[in-house]
Amino acid sequence: MILTKESANYISLDEPKSFELLHPRSVDEALGLYTEERDGAYLAGGCDLLDQLKNQWNNPRRVINLKEIAGLRGREDANGLLRLGALTTLAELEHDAAIRQRYRALSLAASRVATPQIRNAGTLGGNLLQDGRCPYYRGPWRCYRAGGIVCDAHHGINTEHAIFGGDRCYIVSSSDTATALTALDASVVIRGRDGERRIPVQELFMSPSQDILHMHQLHDGRILTAIELPGGVARRSHFIKYTMRNAWDFALASIAVAYNPGAHPTGWRIVLGGVAATPWRLPKVERMLEGAALDDATIGAAARAAIEGAEPLAHNAYKVGLVQKLVEQALRESAS
Ligand SMILES: Cc1cc2nc3c(=O)[nH]c(=O)nc-3n(C[C@H](O)[C@H](O)[C@H](O)COP(=O)(O)OP(=O)(O)OC[C@H]3O[C@@H](n4cnc5c(N)ncnc54)[C@H](O)[C@@H]3O)c2cc1C
Ligand code: SF4
């Protein structure tokens, strides 16, 4: 890979192009501001967006600050459904005793995101909607995901890339909370000019086969207003994240599990993170575990089934063994 003079300049940038900063007070006002210009970006905690702006990787004419919108904050707990405003911070999730008790996987996932400073500023909505982190995509090259005609990672360094669901692009979802929320059967509430809609978190994300240019459905100016979690009291859940370093780091692989506890647990959800462009659910493993006793034979068979269909690249075959171990560990910790 040869760096041109232009690309070397690009890498050293640390100053955004000028933009208009707007502070709407309602979701409708924010949607209106976006639609007027159609060249805008929403700002929540800014942990991802400000980086993109400073590198001039993303140069919107308008930055629309969502933080003044009271309707995107707060929580409501009614009829067995917990509704969290999209601006709920990761630190709030991490330190909330009720969330830790009812939705342990989410609490653990939030606590493993980045550093305390980023968790204080970063929001749950922004964590779900952060863009992919493939260094080729974020760099000055023009790969498939950036609208080009090549995957630089496929022939380059692909240590942290996908082992499942790759189709020309092998980027992975970096959101730890997405993995946990998928296992917890959460939904997201989305507002657009055409009204409000609810979809399962799992459907928010898009594989490269569905849309190679976007990680999620909200690239068209719609706003994620809330995240809704069902039940919780009778369910048990867990989250484990494996990283290269013990300090802050993105997941090389992670796992979230949720189930109805008992001698023969039921209602399994098993979801992997860091191994595909979307949270990667394992339906076959879920079916194998349904009503089974978590003995060594079942756990071993489930861990082997978890890696069926894995297609590692030149530098990430280690993820196959890692996934197997994470499934084993999550099931053993669920059984104890
Ligand atoms: C050093 C570092 C380490 C990190 N490590 C991890 C990690 O280990 N695990 C992990 O999961 N993440 C990690 N992240 C990502 C970080 O957690 C997310 O960038 C952060 O949570 C995003 O939240 P935010 O509120 O700051 O979003 P912003 O940066 O404000 O927004 C992110 C994106 O979402 C859009 N957006 C935000 N809210 C809404 C909304 N309500 N409706 C529509 N669009 C919206 C924005 O337009 C933008 O495109 C790391 C980031 C950094 C900088
Ligand atoms: S993995 Fe995807 S984002 Fe990364 S270089 Fe290949 S096409 Fe681009």
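**Stop one: the ligand and its neighbours**

Start by selecting ligand 1 and the residues around it: there are 32 of them, and Tyr-42, Gly-45, Gly-46, Cys-47 and Thr-123 come nearest. Keep in mind that you're looking at a predicted model.

Now colour that shell by residue type. You'll get 16 nonpolar, nine polar and seven charged residues.

**Stop two: polar contacts**

Next, pick Tyr-42 and show its backbone. One of its backbone N or O atoms sits 2.5 Å from an oxygen atom of ligand 1. Move on to Leu-49, where a backbone N or O atom is 2.8 Å from a ligand 1 oxygen. Then click Ala-114: a polar backbone atom there lies 3.3 Å from an oxygen of ligand 1.

**Stop three: zoom out**

Switch to cartoon view and highlight strand S2 (40–43), helix H8 (124–129) and strand S8 (223–230), each of which supplies at least two shell residues. H8 gives the most, with three.

Now colour by domain. Why does ligand 1 lie between domain 1 (1–67) and domain 2 (81–130 + 169–335)? Because both domains give residues to its shell.

**Last stop: Thr-35**

Finally, select Thr-35, which you'll find in helix H2 (residues 27–37). Its relative accessibility is 27%, so Thr-35 counts as partly exposed.

Note on methods. Residues numbered from 1 in each chain as written. Chains lettered and ligands numbered in written order. Predicted model: local features only at pLDDT ≥ 70, side-chain atom pairs only at ≥ 80, totals over all residues. Heavy atoms only, no water. Near = heavy atom within 4 Å. Polar contact = N/O pair within 3.5 Å; in protein donor to acceptor, adjacent residues only side chain to side chain. Helix = DSSP H or I, 4+ residues; strand = E, 2+ residues; numbered from the N terminus. Nonpolar A, V, L, I, M, F, W, Y, C, P; charged D, E, K, R; others polar. Domains from an automatic or database assignment. Buried < 20%, exposed > 50% of the residue type's maximum accessible area, 1.4 Å probe, protein only.
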